[in-house]
Structure formats: C-alpha cells, structure tokens
Amino acid sequence: MRPGFLLPPLMFSEEEIQAVALGVQWVQRQTDEGLAFAANNALSKIVAVLPAELRGKVDDRSFHVSRRPPKAPVVDLQMLRQAMREQRKLRMAYRDPKGAETERVIWPIMLGFFEARRIIAGWCELRKDFRAFRADRIVHIKLLKERYPGRRRDLVKRWRTQVDEQSASSADRT
C-alpha cells in the first residue's frame, strides 16, 4: 500500500455478527478441539474490534446448535486435516454397510459434516476412483508418510465434476 493510504474500519451488521457467532458455535460443537479452539480465537479477535454497542450481539443466545452425540471417534479430525494440508495418504480398515471389512489407502481431499455424520471424500487406491467414506465405518486409520501426487484442490475439482455429472445423469433418468 502507498504511504498515507488507510483501509476503512471493518464493521459488521447485526446479522453478520449473528452469522459469525452461529458459525463459531457450530464449529465448537460439531468438529474437533483444534478447530473449536481456532474458531473461538477468531471470534475473540472480532469481538475485540467491535464497538461496545455491538459486542452484546455476539452472545445474545438467538440461536442454538446441538452437540454431536457423544461417541468415541475412531477418526482423529486433526490428523485428517493434517493429512489434507500436507497431501498425505491414509491407510484404513473400512467396514461396508454389510459389515465386510477392507483395507484401503486413500488420498483425503475433503471432510464433510452432515448432521451426525462425518464424511471423508478422497481418491481410493483400491477402487481407483473417488469415494466417500463414512467416518463411523472406519475401524482404524493411520497417517502415512507418503504424499499423494498433484494438488489437493485439483483433485477436489475433479471430484466435484464427477459428483455433478452423476447427479445430472440420475436426474435425467427420472
């Protein structure tokens, strides 16, 4: 920036403050400790720059996000996020809906949250295709040292294209 150039102050509307607070509450209750801590820190930074008359809007209890049912998670979401950041492969034992167990190596590219379910999208070396894995069906998982080729965001684009094509194809059949 040029000397003397000032950015306008960051200001939020009431609805934007509520949206941010709701998002933070969701992350705190639905993800892992690392993301919950980061979300809380981000909200604290936002609150610190808000004018006094808007600070109360952050915690006005207008919304409620339920907590996930307590279960012993098999998948460490922090480790999964690390694998995605570093583009490292994961080895896992996965149980299908009928109870059959397979050993897989996947390239994790995305983590999805659907109500009480956690879904890991990635390239499956066994099936040689993109797959979505329910976290509750993973028996055990291990972070490998080996990196997967290419860039994760390019794999995400390919996966999204494939999902869109499958959705359009199934819509055409109905």
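In this predicted model, the second largest pocket holds about 270 Å³ of space. Its lining is made up of 17 residues. Ala 21, Gln 25, Val 58, Asp 59 and Arg 61 are the ones nearest the centre of the pocket. Two helices, α1 (14–30) and α2 (33–49), each contribute at least two residues to this lining, and α1 gives the largest share, with 7 residues. By residue class, the lining of the second largest pocket divides into 6 nonpolar, 6 polar and 5 charged residues.

The next topic is the nonpolar interior. In soluble globular proteins, nonpolar side chains tend to be buried together. The largest nonpolar core here has 18 residues. Within it, the members that touch the most others are Val 75, Leu 80, Leu 90, Met 92, Ile 106, Ile 120 and Ile 138. Two or more residues of this core come from each of α4 (77–86), β1 (88–95), β2 (101–114), β3 (117–124) and β5 (138–147). The largest share, 5 residues, is that of α4.

Leaving aside residues up to four places away in sequence, which residues does Leu 90 touch? Its contacts are Met 79, Leu 80, Ala 83, Arg 104, Val 105, Ile 106, Pro 108, Ile 141, Lys 142, Leu 143 and Leu 144.

Definitions and conventions. Residues are numbered from 1 along each chain as its sequence is written. This is a predicted model: local features need pLDDT of at least 70, side-chain atom pairs count only at pLDDT 80 or more; totals for chains, interfaces and linings use all residues. Side-chain values use heavy atoms; hydrogens and water are left out. On a 1 Å grid over the protein atoms alone, a cavity is a set of points where a 1.4 Å probe fits but cannot get out, and a pocket is an open set with protein on both sides within 12 Å along at least five of seven lines; lining residues have an atom within 4 Å of a point. Grid points are joined across faces, edges and corners, and a volume is the space filled by probe spheres set on the points. Helices (H or I, at least four residues) and strands (E, at least two) are DSSP runs, numbered from the N terminus. Ala, Val, Leu, Ile, Met, Phe, Trp, Tyr, Cys and Pro count as nonpolar, Asp, Glu, Lys and Arg as charged, and the others, Gly among them, as polar. A nonpolar core is a set of buried Ala, Val, Leu, Ile, Met, Phe, Trp, Tyr and Cys residues joined through side-chain atoms within 4.5 Å. Buried means under 20% relative accessible area, exposed over 50%, partly exposed in between (1.4 Å probe, protein chains only). Contact means heavy atoms within 4.5 Å.
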